[in-house]
Amino acid sequence: MVWLYDQVRSLTRYRPVVLTQAARNRKAFPFDPVYAMEDLPRWRQTLYRAVRKARGTYAGYAPILKQERADIIHAHFGQEGYRCLEARRDARVPMVTTFYGVDVSALPGQKTWRRRFERLFAEGERFLAEGTHMAERLAALGCPPAKVRIQRLGVDLSRIPFSPSEPQGREQPVVLMYAAFREKKGHVYGLRAFRQILDAHPRLRMRIVGDGPLRTEIEREIRRLDLEDRVVLLGMKPHGESLQELKKATLLLSPSVTASDGDTEGGAPVALIEAMATGVPVVSSHHADIPEVVIDGQCGILAEERDVDRLAEGLDALLKSPELHARIGRAGRAHVEANHNLQVQGRRLEEIYDRTIGG
């Protein structure tokens, strides 16, 4: 959730206060103040859980909002927006809700959440989407289009210098996959595409940052494709170490798909933006808002979902042509500077707060 932490710390004119049910990795993400419900006395936690079970909304937030003299609530994820509705009403402040993925894809498949989102769309003042695809999905779910704004995610370019590397200059070119082990990330299709091009690129290796519920399936696919000596599973890594892996990579492969339960990226993986900022060309898929981040043929190469042959063609083309690799790497950095600069996006987010409060 580095991308979410970055949004909070990008604010300059607003003083952010974090309310959460539980706080994890506090040393890695220092911030103050953070109000975590898990820090409350046990009896109060029990009471608040009972209220949430009965109503579906959070208890205990409104007094904190009043104490901190909050001007606006920003709920991250649609389900959190719904759960903050009572606090919004009791504290008498407007609310912005950002949708990210599972909240527009998988959750609406449940009657309970369709009903809850109807209420959220009626009572909430503003709804943010990462791109056009997400905005259209919100409208299809019943959100009034006039309430929707596009707010792109930003990355901290001061921490991600432009450092491209040529595939021919590497003793062992590296394809990196950098994502949680979930169906929508499409790891198995990436592995199959990688396998297809090994005869043409015998020195090529793959490194995978991530972990999750599909680890066993991914390990089984690596064995089936006889890739044990070509693929390294690195597990989960702190964000700084993941950025170092990006700097060492020749390409980033991110073959996102729509999962069997309907789950999607919603917007686009932040790993794509980070890779482009570094100058690492991206091979990804026509999925969710990825085409607005990775402009096909200009700052990356896209395939249709699950199109292993096209993924392989994209990898092969970038590995064979230093000129294409360099051109797409430069274009990717320029695109991120123009559209995903964290400081610029922070100012735009504050302008949305201004208009929401004023409106």
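**Entry 1: a charged network**

I began with Glu86, Arg89, Asp90, Arg119 and Glu123, which are linked in a network of salt bridges. I count a salt bridge where a side-chain nitrogen of Lys or Arg is within 4 Å of a carboxyl oxygen of Asp or Glu. Side chains of opposite charge can pair when their charged atoms come close.

I note for the record that this is a predicted model, where local features need pLDDT of at least 70, side-chain atom pairs count only at pLDDT 80 or more, and totals for chains, interfaces and linings use all residues. Residues are numbered from 1 along each chain as its sequence is written, and side-chain values use heavy atoms, with hydrogens and water left out.

Helices here are DSSP runs of H or I with at least four residues, strands are runs of E with at least two, and both are numbered from the N terminus.

I then checked accessibility. Buried means under 20% relative accessible area, exposed means over 50%, and partly exposed is in between (1.4 Å probe, protein chains only). Glu86 is buried at 11%. Arg119 is partly exposed at 25%.

**Entry 2: other salt bridges**

How many salt bridges does a search of the whole structure find? I got 28.

One of them joins the side chains of Asp6 and Arg9, at 2.8 Å from N to O. Both residues belong to helix α1 (residues 2-9), three residues apart, so about one helical turn separates them. Asp6 is buried at 6% relative accessibility. Arg9 is partly exposed at 34%.

Another salt bridge pairs Arg26 with Asp39, at 3.0 Å from N to O. Arg26 is in the loop between β1 (18-20) and β2 (34-36), and Asp39 is in the loop between β2 and α2 (42-55), so the pair ties together parts 13 residues apart in sequence. I find Arg26 partly exposed, at 41%.

**Entry 3: two helices packing**

Next I turned to helix α8 (residues 187-196) and helix α13 (residues 308-320). They pack at about 55 degrees, with axes 8 Å apart. Each axis is a line fitted to C-alpha atoms over the stretch in contact, and angles run from 0 to 180 degrees between N-to-C directions. α8 is therefore oblique to α13; under 35 degrees would be roughly parallel, over 145 roughly antiparallel and 65 to 115 roughly perpendicular, with the rest oblique.

Which residues make the contact? From α8 I list Tyr189, Arg192, Ala193, Phe194 and Gln196, and from α13 Val308, Asp309, Leu311, Ala312 and Leu315. Contact means heavy atoms within 4.5 Å.

**Entry 4: two buried residues**

Is Leu191 buried or exposed? Leu191 is buried, at 0% relative accessible area, and belongs to helix α8. Leaving aside neighbours within four places in sequence, its contacts include Met177, Met206, Ile208 and Ile218. I also checked Leu191 against Ala303, 112 residues apart along the chain: their C-alpha atoms are separated by 15 Å.

Last, I looked at Gln79 in helix α4 (residues 78-83). Gln79 is buried, at 15%. Beyond neighbours within four places in sequence, Gln79 is in contact with Val102, Asp103, Leu107, Trp113 and Phe117.
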